[in-house]
Amino acid sequence: MTPPTVDAAVERALEYLAGQHDLSYPDAAHVMGSYSTAQFVKLDQQHQPLPKAEDEAGKFVEFRCVGAIYHVATITEALLDAAEAGHQECRRLADENTAWLLSQRDGVSWRYFPGFEPLPHDADTLAQVLRILIRTGHADNAVVRAATALAARSAWDDGVVNTWLLDTPGERDTANRVWGRGRNDTGRDPEVVANLAHATHLYEQHIGPLPLSPLVGPATRWLIDQQQPMGFWRASWYVGTCYSTYVAVRHLAALDGHQQEIARAARFLAQAPAPDPLNRALAMLALTAAGTAVSPDDCHLLIGSQFPDGSWEAVPWLDNHARVWGSRAVTTALCLKALLAVQRDTASANHDGRRP
């Protein structure tokens, strides 16, 4: 793949995301339907140890659940990568997104659906926001320390942080039953554990210790135990295995001493290439994190599937156990991130006198 072809795809993707930014990212908003909202409120009420007053129980039945925090943070991470690659105009977009993310804090931390109190704060959204705050210089403050302290209090005895951030085991069990719906009700989700452990490690590198810092080691050991014999990690809340494998590899690659697990994951991803641009991009990101060169076919698939407006299709990404959800803007951000990684590795190879 010649660099100019990758360069052109990157430029088109940036133009699309800039346009989405001007519109406040309408495509990145995940809206939960009114039926699902009402059913979750009903389940939450049934699982409470004491019944709530009728007016309190019905407060959220018709609440409009809109979640964009996680997705805007994902887009912002790609924009920050672009800014570091020399696209300086992306820094303004990232800074504006960061200000919005800070404004969306709901009490002590961030919720996937802000304002919807039956849904607790969650470790995945915290991790995604935390990574942005670190990279934009907004993470060294009492707000972050309070949010991560809540996450630390939400850890089980083995050091694994529950996906839903609640202080006591009984509260966690209730939330896991309601939101896991009998499928993922342990509260231990590999992709969430990897995401939060990686964000905590980044904080330690750039700023210092957090309340979560003592849990990185136990979380990493637990994560290694979850790797499947073929080399991938299963996902609880995402479609397929590419995202969960990517975030696990990203975390392990940031540490020392996990080459064997990383190599197994890289072999799996290289031998079973995803047919769609989103999961191919996630596999490319895992491979580059692992220090493995991506195939020219990977770039060909991404560039060949890019729409004329610079975007990629809304490939299903999240799996909420009732229906899947995808976003053209999120797919575009992750494809952009993968192509920027290819650009970076190509430039590094050229600088070192190696063939890209």
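Contact in these notes means heavy atoms within 4.5 Å.

**Entry 1. Ground rules**

I am working on a predicted model, where local features need pLDDT of at least 70, side-chain atom pairs count only at pLDDT 80 or more, and totals for chains, interfaces and linings use all residues. Residues are numbered from 1 along each chain as its sequence is written, and side-chain values use heavy atoms, with hydrogens and water left out.

**Entry 2. Val161 and the cores**

I looked up Val161 and set aside its neighbours within four places in sequence. Val161 then touches Ala123, Ala151, Ser154, Ala155, Gly187, Val193, Leu196, Leu212 and Leu215.

Next I looked up the nonpolar cores. A nonpolar core is a set of buried Ala, Val, Leu, Ile, Met, Phe, Trp, Tyr and Cys residues joined through side-chain atoms within 4.5 Å. Buried means under 20% relative accessible area, exposed means over 50%, and partly exposed is in between (1.4 Å probe, protein chains only). The largest nonpolar core has 111 residues. Leu79, Phe116, Val161 and Trp317 have the most contacts inside this core. Which helix gives the most to this core? I found that helix H15 (residues 328-351) does, with 11 residues. Helices (H or I, at least four residues) and strands (E, at least two) are DSSP runs, numbered from the N terminus. There is also a second, separate core of 5 residues, and Val160, Val193, Ala219 and Trp222 are among them.

**Entry 3. Helix H10 and Leu223**

I listed the buried residues of helix H10 (residues 216-225): Val216, Pro218, Ala219, Thr220, Trp222 and Leu223. What do they pack against? The buried residues of H10 pack against helix H9 (190-206) and helix H11 (242-254).

I then took Leu223, which lies in H10. Leu223 has a relative accessible area of 1% and is therefore buried. Leaving aside neighbours within four places in sequence, I found Leu223 in contact with Pro190, Ala194, Trp233, Ala248 and His251. From C-alpha to C-alpha, Leu223 and Arg188 are 9.9 Å apart in space, and they are 35 residues apart in sequence.

For the pairs I used axes, which are lines fitted to C-alpha atoms, for helices over the stretch in contact; angles run from 0 to 180 degrees between N-to-C directions. Angles under 35 degrees count as roughly parallel, over 145 as roughly antiparallel, 65 to 115 as roughly perpendicular and the rest as oblique. A crossing is left-handed if the near helix is turned anticlockwise from the far one by less than a right angle, and right-handed if clockwise. For residue classes, Ala, Val, Leu, Ile, Met, Phe, Trp, Tyr, Cys and Pro count as nonpolar, Asp, Glu, Lys and Arg as charged, and the others, Gly among them, as polar.

I began with helix H2 (residues 34-47) and helix H8 (residues 169-180), which pack at an angle of about 150 degrees with their axes 10 Å apart. H2 and H8 are therefore roughly antiparallel to each other. Their crossing is right-handed. Phe40, Leu43, Asp44 and His47 of H2 make the contact with Thr174, Arg177, Val178 and Trp179 of H8. I sorted the contact of H2 with H8 by class: 4 nonpolar, 2 polar and 2 charged residues.

For H11 and helix H12 (residues 259-271), the axes come within 10 Å and cross at roughly 150 degrees. H11 and H12 are therefore roughly antiparallel to each other. Is the crossing of H11 and H12 left-handed or right-handed? I noted it as left-handed. From H11, Cys242, Thr245, Val249, Leu252 and Ala253 meet Glu261, Ile262, Ala265 and Leu269 from H12. This contact has 7 nonpolar, 1 polar and 1 charged residues.

The axes of helix H13 (residues 277-289) and helix H14 (residues 296-304) come within 10 Å, crossing at roughly 145 degrees. The crossing of H13 and H14 is left-handed. Pro277, Arg280, Ala281 and Met284 in H13 meet Asp297, Asp298, Cys299, Leu301 and Leu302 in H14. I sorted these residues into 6 nonpolar, no polar and 3 charged.

**Entry 4. Two positive phi values**

Most residues other than glycine have a negative phi. I found a positive phi at Ser24, near 65 degrees, and another at Tyr25, near 50 degrees. Ser24 is in the loop between helix H1 (3-22) and strand S1 (30-32), and Tyr25 is in the loop between H1 and S1. Are they buried or exposed? Ser24 is exposed, at 59% relative accessible area, whereas Tyr25 is buried, at 5%.
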